[in-house]
Amino acid sequence: MFMELALLRREIGDRQGALAPATEAVNIRRRLAQANPAAYEPYLAGSLNNLANHLSETGDRASALALATEAVNIYRRLAQTNPAAYKPVLATSLNNLAAFLSQTGDHAGALAPAKEAVNIRRRLAHANPAVYEPDLAGSQNNLAAFLSETGDCAGALAPATEAVNIRRRLAKVNPAVYEPDLAASLNNLANRLSETGDRAGALALATEAVNICRRLAQANPAAYEPELAASLWTAMLCFAAAQQHQTAWIHGREALQLFTRLAEREPARFQPSVQELQAELQKLEPS
């Protein structure tokens with residue numbers, strides 16, 4: 001019940017309010033797991049991941065990292081005795097751990113869990129592609145971003161490309177489910193291509209992502225305006241890198257308008273993007 005309450009609070013934008021029920025869920029399950037680890041450790045690990053996500057969203061990255069590490073250790077131990085049941089959730093926990101390591105500045109440290117998650121999910125997807133290919137694409141997306149953060153821009157291209165290829169294939173079969181993920185992977189690969197000097201390739205993918213997100217946001221603004229704003233920002237950066245400053249400014253200005261409106265509803269989540277984007281736009285302001 002407490003985990004569900006935390007998720008409900010998160011969904012309505014009350015990220016701070018989600019902490020209390022998520023913390024209580026961990027405390028209860030920790031006591032239960034101490035008395036009966038075989039029965040309750042899997043539930044404890046799930047609650048640890050949940051609380052770690054809430055803590056990260058409220059800015060407490062160090063605490064999130066500690067909880068995510070504990071969850072990985074539990075799932076790793078469980079996966080040794082029951083791989084079929086726990087390898088998939090171990091991969092999810094490894095992705096979380098990699099993200100929190102990156103957020104706390106340990107970009108090199110994020111690579112090992114990110115690569116392990118990809119390896120696990122590749123084996124799972126080979127055995128059951130219908131179930132696990134979407135997860136593999138997500139892990140490849142993450143790995144590409146972490147490789148870029150460590151300066152390995154060329155190495156980031158392969159996982160970013162694979163993520164796009166998987167999600168493009170999935171979106172052709174089920175666009176309602178997979179087009180949002182495809183747009184995210186297109187943005188990721190666009191950034192990676194721009195970093196390695198393929199400006200034309202980056203612009204094509206960034207523009208495709210904007211078009212997908214614009215269509216999604218027209219149908220469901222509450223769900224997809226944040227994705228549209230992020231895609232416009234990526235497009236702005238790609239056009240700026242290609243020295244098309246006027247077009248970059250137009251995309252960035254639209255992104256700023258969206259983020260400003262979003263920040264009125266969820267300032268803690270979106271106000272930092274408003275401030276960062278304002279600074280970027282000042283560099284592109286037409287004279």
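**A chat about helices and a core**

Visitor: Hi! Which residues is Leu277 in contact with, leaving aside its neighbours within four places in sequence?
Guide: Hello! This is a predicted model, and in it Leu277 touches Trp233, Met236, Gly252, Ala255, Leu256 and Phe259 once those sequence neighbours are set aside.

Visitor: And how many residues are in the largest nonpolar core?
Guide: That core has 89 residues. Phe259 and Leu277 are the ones with the most contacts inside it.

Visitor: Let's switch to helices. At what angle do the axes of helix 7 and helix 9 cross?
Guide: Roughly 25°, and the axes come within 11 Å. Helix 7 covers residues 129-149, while helix 9 covers residues 175-195. Angles under 35 degrees count as roughly parallel, so helix 7 is roughly parallel to helix 9.

Visitor: Is that crossing left-handed or right-handed?
Guide: Helix 7 passes helix 9 in a left-handed crossing.

Visitor: Which residues meet there?
Guide: From helix 7 there are Pro134, Asn141, Ala144, Ala145 and Ser148. They meet Tyr178, Ala184, Ser185, Asn188, Arg192 and Glu195 of helix 9. By type, the contact divides into 5 nonpolar, 4 polar and 2 charged residues.

Visitor: New topic: where is Asn27?
Guide: Asn27 sits in helix 2, which spans residues 19-35.

Visitor: How exposed is Asn27?
Guide: Asn27 has a relative accessible area of 37%.

Visitor: Last one: how far apart are Asn27 and Leu44 in space?
Guide: Their C-alpha atoms are 8.8 Å apart, with the two residues 17 apart in sequence.

Definitions and conventions:
Residues are numbered from 1 along each chain as its sequence is written. This is a predicted model: local features need pLDDT of at least 70, side-chain atom pairs count only at pLDDT 80 or more; totals for chains, interfaces and linings use all residues. Side-chain values use heavy atoms; hydrogens and water are left out. Axes are lines fitted to C-alpha atoms, for helices over the stretch in contact, and angles run from 0 to 180 degrees between N-to-C directions. Helices (H or I, at least four residues) and strands (E, at least two) are DSSP runs, numbered from the N terminus. Angles under 35 degrees count as roughly parallel, over 145 as roughly antiparallel, 65 to 115 as roughly perpendicular and the rest as oblique. A crossing is left-handed if the near helix is turned anticlockwise from the far one by less than a right angle, and right-handed if clockwise. Contact means heavy atoms within 4.5 Å. Ala, Val, Leu, Ile, Met, Phe, Trp, Tyr, Cys and Pro count as nonpolar, Asp, Glu, Lys and Arg as charged, and the others, Gly among them, as polar. Buried means under 20% relative accessible area, exposed over 50%, partly exposed in between (1.4 Å probe, protein chains only). A nonpolar core is a set of buried Ala, Val, Leu, Ile, Met, Phe, Trp, Tyr and Cys residues joined through side-chain atoms within 4.5 Å.
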